[in-house]
Amino acid sequence: MRITQNNFYNTFVSDQQRIKEQLDQLNRQISSGVKIKYGYEDPQIFSDTLRLDYEETTLTQAVNVSTDAQSFAGNTDSVMFQFTDALTRFKTLMIQAANGANSDSNYFAISNEMKSLKEHLINLSNSSINGRYLFSGTALDVKPIDDNGVYMGNGESLKAVVGANVEVPYNIPGTDLFLGEDGNFARKVTTNVPMRDLNADSAVTLQSSIADFTGKSDDYTFYLRGRNGDGSVFEESFTMGATQSVEELLNAIESYYTPNSVDVTVENGYIQVTDRQKGRSLLDFHLYGQNDNDGTVVSFIESGFTGSDATVYDDADFQKIDGTTLRGNYSQIVRDGNGYAVRSTLLNDVAGADLTGGSLLLSGSDRNGTAFGYSFDLDAPTDIFGNAVNNSDGTPADHTTLTYGQLVDAVAVAVSGIADQGSFEANVTEARKFVDVSLDEKGRITIRDKSGTDTSITFNMHDANSGYGTAAPSALVFNANNALTIDDPKHDLFASIDAAIEAVENGRLYPDGGSSVNPRNAGIENALERIDHVLEHVGKEHTKIGAMSNSLNYAVERSETLKINVQTLRSDILDTDIGEATVKLNQLSLNFQAMLASIAKVQNLSLVNYL
């Protein structure tokens, strides 16, 4: 086969170009340290590199997010240590106040230090890092606790994305720390008027007789109202002879609750009822006795409410808590789940008995000082002007569909002092210009007058079945002369602290229904039990943030390890092996030089070489 000069030249140029490209590529790989510069050079390497770059970026973000979250959790943990120390000191002062040997000046000094500790706790609660409050939930720019100890944040958790579809919470919302709920605690209530043995001038014992604390030899009829732990209500009366014992009285009270559901005891003359099942907040108790001969009343609970006495349970005016605001003291709690009622909650879900045929009696004076009173029929509810209360779909409401939102709107119309606008909806709109009626964070109905600094509003709302001799006990209660709460699964840190300070400030070891300051304060001894609950609750929350911090630490370590693995794999795929590339470069350079030498010899051949 004849090879022409032109074919030879083309082959030479092609081989030279190919080897030069290989040399350039090797030189570029050695100088840059990577195998390719452009995607078209090796699509597989390029694709793998892009995927690994994305994974590395994702892991870098996870490390940064986790590190920031870990810092946030670590700062929270540090504050929680200080929080626990302050509460421990607070408890120590409570124990000091409870020893029974303090003078008024001692109580004053102790209460002042307790107030300082409260201020310190509020400051700790409002701790912020880089402009972010630690305990305000996701409302990071909202100061969690106001000067009165009221929580202003939300209950949402901050979560760090530490991996694909993996989130780790890293904060303690204030609703958990300052409020919260502990299923391992039982509700416990107490009377605030003690039974005292008049003969011995001391608290009664189980063996004391009815005559010992009444001072009379007549029979007494006791009127008992209450609520079981499951939310069902009851109303009973029973008669006891003067010679019967306090123990028999307690056994009689216990027998009217659901069997084996409560413990009824006497402590320092006070009757205490404890729910045997933990995690429920519905237990309630009210009792008074009446002499069968002269009608004399024996009080066990007195709250000092306007328009009520020891015989009254729920027919009592709402309390005025400041110049513009009234509030009921009875939390509306859903029977199933133990949560506080909100606007959308059905009355049926809270009521302790069937609401069929029931009604509520509303009375008082409106914003203008004008007296009012009307019956709110639960089967066919209307506002004070007789306008039907309708559901959102336009159908008439009844006891099965009526919500707390509709109820408080009807209350707003009643207390606002407005003229009839022609429909319930129009009346509500007009009433809201002057009053705000709502359920607070503890499910209590609250009325606020927007139009002045000293409201003329007074208000009473109670079940038409309130009082003895009715067809049934009160299914719904909004303000009650009921037993005082010693402890409850539901936790309120600053309310517990305030109650403890008030008890110490007034030198009150035990409840005092005759107090002109606050007859519903449970006293130092009972407040101490509540503070124990507070400390345990804070300890549990502290443990939670510690666990979160550990989880974030593990997440950072895991992400950094994965990042190193990705970087190693990326290096294996993309980075140049300098040694291997250098050997190839040397071999290719020798080949190229040999090729040039061969070409030069061929180019120098003439016809003489063939002869």
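Trainee: What is the strand order in the open sheet of four strands?
Mentor: This is a predicted model, and in it the order reads β10-β11-β5-β21, with antiparallel pairing.

Trainee: Why do β10 and β21 count as edges?
Mentor: β10 (262–267) and β21 (484–487) each have a single partner strand, so one side of each has no neighbour in the sheet. From one strand to the next, the twist averages 30°.

Trainee: How do you know that β10 and β11 are paired?
Mentor: Pairing asks for at least two bridges between the strands. Six bridges join β10 to β11 (residues 270–275), so the pair meets that cut-off. The two strands run antiparallel, and Val-266 stands opposite Ile-271 in β11.

Trainee: Which helix lies across β10 and β11?
Mentor: Helix α6 (residues 246–255) does, running at about 155° to β10.

Trainee: On to the second largest pocket: what makes β18 stand out in its lining?
Mentor: β18 gives the largest share, five residues. Both α7 (404–416) and β18 (435–439) supply at least two residues of that lining. The pocket's volume is about 200 Å³, and 15 residues line it, with Arg-343, Val-437, Ser-438, Leu-439 and Asp-440 nearest its centre.

Trainee: How many residues of each class are in that lining?
Mentor: Seven are nonpolar, one is polar and seven are charged. Arg and Asp count as charged, so Arg-343 and Asp-440 belong to the charged class.

Conventions: Residues are numbered from 1 along each chain as its sequence is written. This is a predicted model: local features need pLDDT of at least 70, side-chain atom pairs count only at pLDDT 80 or more; totals for chains, interfaces and linings use all residues. Side-chain values use heavy atoms; hydrogens and water are left out. Axes are lines fitted to C-alpha atoms, for helices over the stretch in contact, and angles run from 0 to 180 degrees between N-to-C directions. Contact means heavy atoms within 4.5 Å. On a 1 Å grid over the protein atoms alone, a cavity is a set of points where a 1.4 Å probe fits but cannot get out, and a pocket is an open set with protein on both sides within 12 Å along at least five of seven lines; lining residues have an atom within 4 Å of a point. Grid points are joined across faces, edges and corners, and a volume is the space filled by probe spheres set on the points.
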